[in-house]
Amino acid sequence: MPSSTSPDQGDDQESCILKFSDLDLKDTSLINPNSSLKAELDVNTKKKFSFAKKKAFALFVKTKEVPTPSFEYKEKWWKCCHQLFTDQTSIHRHVATQHADEICHQTAAVLKQLAVTLNTSKSLKSADKKNPLIEYLTRNHEVSTWLPDTSCFSPDELTSGQGSDEGEVLLYYCYCDLEDPHWICAWQTALCQRLHLTGKVRIATEGINGTVGGSKLATRLYVEVMLSCPLFKDYLCKDDFKASKGGAFCFPELRVGEFHTEVGKFLSQANQEQSDTILLDCRNFYESKIGRFQGCLAPDIRKFSYFPSYVDKNLELFREKRVLMYCTGGIRCERGSAYLKAKGVCKEVFQLKGGIHKYLEEFPNGFYKGKLFVFDDRYALSYNSDVMSECSYCGASWDQYRLCSTPQCRQLVLTCPACQGQGFTACCVTCQDKGNRPASGPTQNSFKEECECTARRPRIPSELSQQTQFPLNPEPRPDVGEDGPGQ
């Protein structure tokens with residue numbers, strides 16, 4: 001349920017003041033415009049960069065929407081660069097690979113808009129010493145004013161579909177300055193109770209993020225309330241709430257020490273493949289490739305959105321099993337465990353509270369070996385000296401990602417300094433050949449936006465036909481040459 005966090009409880013929750021330096025937005029010669037933009041931001045502002053970039057991306061894609069033919073059941077199509085896109089994945093891939101400069105410019109505009117909003121708010125506060133909006137909302141802590149009227153709905157309507165595919169799970173986050181997290185915590189608690197929603201809502205002075213599940217009626221009312229609240233209506237829009245199938249949340253969490261103990265028991269078993277416990281990594285394959293818990297099952301999937309399909313395809317693998325789940329910070333585990341529980345085949349499902357981040361803070365030399373992948377220009381954080389992956393070309397131990405050298409590709413590749421020196425800087429041989437073509441001319445626009453080495457990989461792997469559980473001490477595989485990691 002909702003919880004509030006004060007600024008002195010860690011760097012992740014510190015008060016965030018948005019500062020934005022003037023940029024020359026007309027410079028389109030940057031190799032990586034996003035990296036250049038982030039380089040000009042102060043540390044606190046970088047926390048808002050991801051939000052601004054996603055907002056900019058969504059706005060750009062929305063401008064490309066076109067009406068669908070009357071005989072089509074799809075809600076929308078998109079048209080861009082004289083091409084018609086009939087599914088969301090293809091338009092997203094196109095925009096990401098062909099319109100990086102425009103997204104960078106739009107991201108800068110979103111950041112400036114946030115700066116103006118926050119500076120205006122600060123000016124009002126310095127003039128009155130009080131914020132009238134906050135004072136109005138929090139007077140006497142009357143949260144009932146901001147709760148929806150559910151008198152016209154029966155309890156059955158509000159709970160229908162919980163714990164099944166008929167229900168819905170919402171994931172959202174919003175970076176904005178919140179002066180009274182405790183009041184918002186009380187309001188969110190009352191709101192979730194009234195709508196029979198379960199899950200987690202994290203609240204701090206720098207924003208709010210939540211994962212809540214329940215009936216589709218309840219989640220719809222929740223979104224309406226959030227969008228009408230004066231605290232969030234200038235920051236959130238309907239597209240910021242990502243919905244997936246699921247229902248009520250019920251996921252027991254294990255604290256770091258408890259999880260460490262359970263993993264130790266699992267690893268001490270002589271035959272882990274016959275164990276009634278599965279240690280499940282909920283991250284993407286390029287994350288688990290460079291760092292993971294020993295003996296884990298790491299799905300060979302490119303995106304977490306494939307996880308439900310992965311579970312469906314390998315449902316027998318989880319039948320009557322006790323599942324210990326983990327991810328980077330805990331958010332994906334919340335959605336993953338909810339989906340597993342909705343399937344009703346597992347004996348028990350537990351997740352690591354706080355994710356790998358918290359575990360490595362307490363046990364840097366524990367059962368997690370290798371680096372922790374992060375979604376920024378650093379690519380990874382190192383807590384121990386273990387190297388769990390190898391160069392995609394020669395098989396030498398190596399765990400430092402870099403982007404494929406072919407501009408249209410954008411995949412991540414592991415290539416050691418020796419192989420880089422020989423010119424092997426792409427994700428695969430085919431992509432390397434593309435990169436050697438002339439930088440201009442008609443062939444430039446004919447490049448495929450998804451690399452062949454990614455296209456050859458099964459989107460949803462079957463674990464029953466091929467066991468992909470990592471051994472305790474993996475040996476380097478020198479034959480991984482062409483299939484470098486993808487993004």
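I first looked up valine 323, whose bridge partner in strand E13 is valine 349. Strands, and helices too, are DSSP runs numbered from the N terminus (E, at least two residues, for strands; H or I, at least four, for helices). I noted that strand E12 (residues 322-326) and strand E13 (residues 348-352) run parallel and are joined by four bridges. Two strands count as paired if DSSP finds at least two bridges between them.

The model is a predicted one, in which local features need pLDDT of at least 70 and side-chain atom pairs count only at pLDDT 80 or more, while totals for chains, interfaces and linings use all residues. Residues are numbered from 1 along each chain as its sequence is written, and side-chain values use heavy atoms, with hydrogens and water left out.

E12 and E13 belong to an open sheet of four strands in the order E9-E13-E12-E10, with parallel pairing. I recorded strand E9 (253-254) and strand E10 (277-281) as the edge strands, since each pairs on one side only.

Next I turned to antiparallel pairing. Strand E2 (residues 65-66) pairs with strand E3 (residues 77-80) over two bridges in the antiparallel sense; glutamate 65 stands opposite tryptophan 78 in E3. E3 is also joined to strand E4 (residues 83-85), by three antiparallel bridges, and cysteine 80 stands opposite glutamine 83 in E4. In the hairpin of E3 and E4 there are two residues between the strands, and I found cysteine 81 with a positive phi near 55 degrees.

How do helices H7 and H8 pack, and at what angle? I found H7 (residues 181-194) and H8 (residues 216-228) at about 150 degrees, with their axes 11 Å apart. Axes are lines fitted to C-alpha atoms over the stretch in contact, and angles run from 0 to 180 degrees between N-to-C directions. H7 is therefore roughly antiparallel to H8, a term for angles over 145 degrees. The contact (heavy atoms within 4.5 Å) is made by Trp187, Gln188, Leu191 and Cys192 of H7 and Tyr222, Val225 and Met226 of H8.

Finally I checked confidence. The mean pLDDT (the predictor's confidence in each residue, from 0 to 100) is 75 for the protein, and 71% of its residues reach 70 or more. Over residues 127-131 the pLDDT is below 50, and I noted seven contacts beyond near neighbours in sequence for this stretch. Residues 440-449 also have pLDDT below 50, with 12 such contacts in the model.

Key. Angles under 35 degrees count as roughly parallel, over 145 as roughly antiparallel, 65 to 115 as roughly perpendicular and the rest as oblique.
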